[in-house]
Amino acid sequence: MIRFDNVSKRYHSGFDALSRVSFDVEPGEMLFLTGHSGAGKSTLMKLIMLMERPSNGLIIVDGQDLGHMSSGQIPHYRRNIGVVFQNHQLLFDRTVFDNVALPLQIAGLPHQEIGRRVRAALDKVSLLEKERLNPIVLSGGEQQRVGIARAVVNKPSMLLADEPTGNLDPELSEEIMTLFRQFNDVGVTIMIASHDVELLKRMNKRILGLVEGKLVHDGVLW
Amino acid sequence: MKSQRPSVTGAPRTRPAVSSRGASATPRPAARAPEPEQPARPQGAVQSKVRLSHKFDAYIAHHSTSAIDSLVRLLDAPFQSLMTWLVIAIAIALPATLYIGFANLQQLGENWEGSSQISVFLRPDVSDLKAEALRSRIAARSDIAKVVYVSPEQGLTEFKSHSGLGDVVDSLDKNPLPGALLVTPRLQNASDSAITSLEQFLVADPSVADVRLDMQWVKRLQQLMALGKKLVFGLGGILALGVLLVIGNTIRLAIENRRDEILVIKLVGGTDAYVARPFLYTGLWYGIGGGLFALLILGLGFLWVSSTTAQLANLYQSNFRLQGLGFFGSIQLVLLAGVTGLAGAWIAVVRHLYHIQPR
């Protein structure tokens with residue numbers, strides 16, 4: 001599903017965010033990405049999202065070589081990946097429903113289909129009764145769930161989450177993780193960046209550990 | 001992975017928006033049970049045709065929602081939009097006014113051109129009889145279409161009735177006007193040399209005091225108008241550039257204001273065209289709105305000036321009436337303004353929107 005082969009990323013400032021990182025992720029796998037801030041977690045995610053291009057190396061996602069993808073293809077590629085951010089990235093000028101509907105509107109789905117899928121996604125994150133509210137009135141955990149609903153509403157084959165539980169207390173982050181696990185159960189590949197060690201221990205999944213841009217750990221136990 | 005895409009959100013269900021607490025009490029089959037799911041990329045020709053027509057419908061739908069949304073956004077901030085519209089309207093109305101003015105002058109010039117008359121003024125001591133003889137002599141020439149003799153008395157009566165100076169004329173004890181012959185040459189496209197030779201023939205007669213070629217004035221006027229037209233187009237071009245920059249800058253601000261939205265849309269797979277569409281429509285609305293306000297300004301100015309012009313024309317015995325832009329001219333003006341607005345928005349989109357990339 002995801003293959004990194006000797007991938008390095010050096011920013012214009014000369015900072016080496018990633019150096020010679022190689023790993024493989026199977027379809028349907030759920031794994032964590034960990035390391036201190038600045039270790040390269042976000043950079044790795046941005047490379048998969050094609051928000052950045054690698055300085056060196058090969059990245060293959062879903063059989064497509066990202067190095068050979070033109071900027072015109074990027075939007076269509078991104079529609080197959082759901083993203084969840086620490087700061088939710090919700091739009092506060094529209095309702096919860098319209099926030100979740102955005103990827104479907106972009107993909108050009110028929111009106112009724114959008115309504116059906118958005119309600120199904122909101123139901124999944126238990127926010128169906130709040131569809132008409134503005135997300136600004138929701139709690140942090142609820143906002144994060146709206147973000148998750150938006151990430152999965154397009155039925156992507158892969159879900160990336162960058163510190164999805166960063167601002168949440170343990171109970172809420174457990175709730176979020178349960179959601180992710182449910183998506184993984186139906187075959188979605190899930191990669192979660194987190195530096196919450198307790199959480200990593202509880203989840204007991206494969207972990208990629210980054211230190212100063214180098215991959216120093218790949219396996220279940222830390 | 002592609003052949004059996006999992007459902008993340010569960011089967012499409014139509015259920016009323018009840019509280020999810022109630023929903024969680026009942027077993028939720030969503031996403032758990034394997035379900036018949038349509039493939040990610042349909043292979044059948046029929047299916048892909050349906051998909052394509054869906055895509056096309058969605059494309060049209062996004063155009064109309066973008067158009068309506070952007071107009072609603074403009075009307076939501078009426079004062080700000082009105083300001084922009086008026087700036088554009090003034091920039092359009094100025095060259096348009098000049099254009100209308102010159103078009104009218106040109107029309108006036110064309111009327112004169114048709115009667116390329118030569119006025120031959122006779123010496124004061126020439127009697128009506130002698131003048132009549134000269135008239136028939138000139139009229140006999142092959143290059144002359146018509147000659148009319150205006151006696152000093154006739155001339156005075158005409159002057160009295162049209163100049164509005166009747167009282168002054170009455171107080172004169174002697175008629176100061178000479179007799180005149182109004183000569184209309186037959187020359188269709190009178191060459192300069194033919195006109196000059198005719199003029200020389202007329203001047204050579206001993207009873208002729210002076211020869212005036214009205215055509216020369218027409219020609220000078222035409223030259224002036226050609227110059228004026230160039231000025232109008234130059235000014236129009238500069239002001240169109242101004243409109244372009246005003247709209248471009250307004251759109252740039254709109255783009256900055258919606259930066260977050262643009263980033264999110266690009267992250268969830270919105271194409272550049274998708275993101276740009278509402279802004280291009282905004283530019284179009286700015287242009288069309290500005291064009292309509294320009295028409296309003298022109299219309300008011302026309303009303304203000306036209307009655308005065310009519311009076312002036314009457315004084316000169318002319319049935320000349322000021323011509324406005326007309327229906328098609330008005331539509332052209334608004335369309336032109338709309339296209340300029342679209343172009344301004346396009347410049348802003350290319351310069352600013354495409355550089356906004358999620359980081």
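Which residue of strand 4 of chain B is the bridge partner of Phe121(B)? In this predicted model, local features need pLDDT of at least 70 and side-chain atom pairs count only at pLDDT 80 or more, while totals for chains, interfaces and linings use all residues. Residues are numbered from 1 along each chain as its sequence is written, and chains are lettered from A and ligands numbered from 1 in the order in which they are written.

The partner of Phe121(B) turns out to be Asp210(B). Strands here are DSSP runs of E with at least two residues, helices are runs of H or I with at least four, and both are numbered from the N terminus. Zooming out, chain B has an open, antiparallel sheet of four strands, ordered 2-3-1-4. Strand 2 (144-150) and strand 4 (208-213) sit at its edges, each pairing on one side only. From one strand to the next, the twist averages 20 degrees. Helix 4 (residues 128-139) of chain B lies across strand 1, strand 2 and strand 3 (180-185), running at about 170 degrees to strand 2. Such angles run from 0 to 180 degrees between N-to-C directions, with axes fitted to C-alpha atoms, for helices over the stretch in contact; contact puts two C-beta atoms, placed from the backbone, within 7 Å.

On to chain A, with its seven helices and ten strands. An open sheet of four strands turns up here too, in the order 2-1-4-5 and with antiparallel pairing. Strand 2 (16-25) and strand 5 (64-65) of chain A have a single partner strand each, so one side of each is left without a neighbour in the sheet. Strand 5 joins strand 4 (residues 56-61) of chain A through two bridges, in the antiparallel sense; Asp65(A) in strand 5 is the bridge partner of Ile60(A). Helix 1 (residues 41-48) of chain A lies across strand 1 (2-10), strand 2 and strand 4, at about 120 degrees to strand 1.

As for the chain as a whole, 48% of the 222 residues of chain A count as buried, that is, 20 or more other C-beta atoms lie within 10 Å of their own. Of the chain A contacts between residues at least 6 apart in sequence, 69% join residues at least 24 apart. Along the principal axes, the C-alpha atoms of chain A fill a box of roughly 45 × 40 × 35 Å.

Terms used:
A residue is buried if 20 or more other C-beta atoms lie within 10 Å of its own, exposed if 12 or fewer, and partly exposed in between; C-beta atoms are placed from the backbone. Two strands pair if DSSP finds at least two bridges between them.
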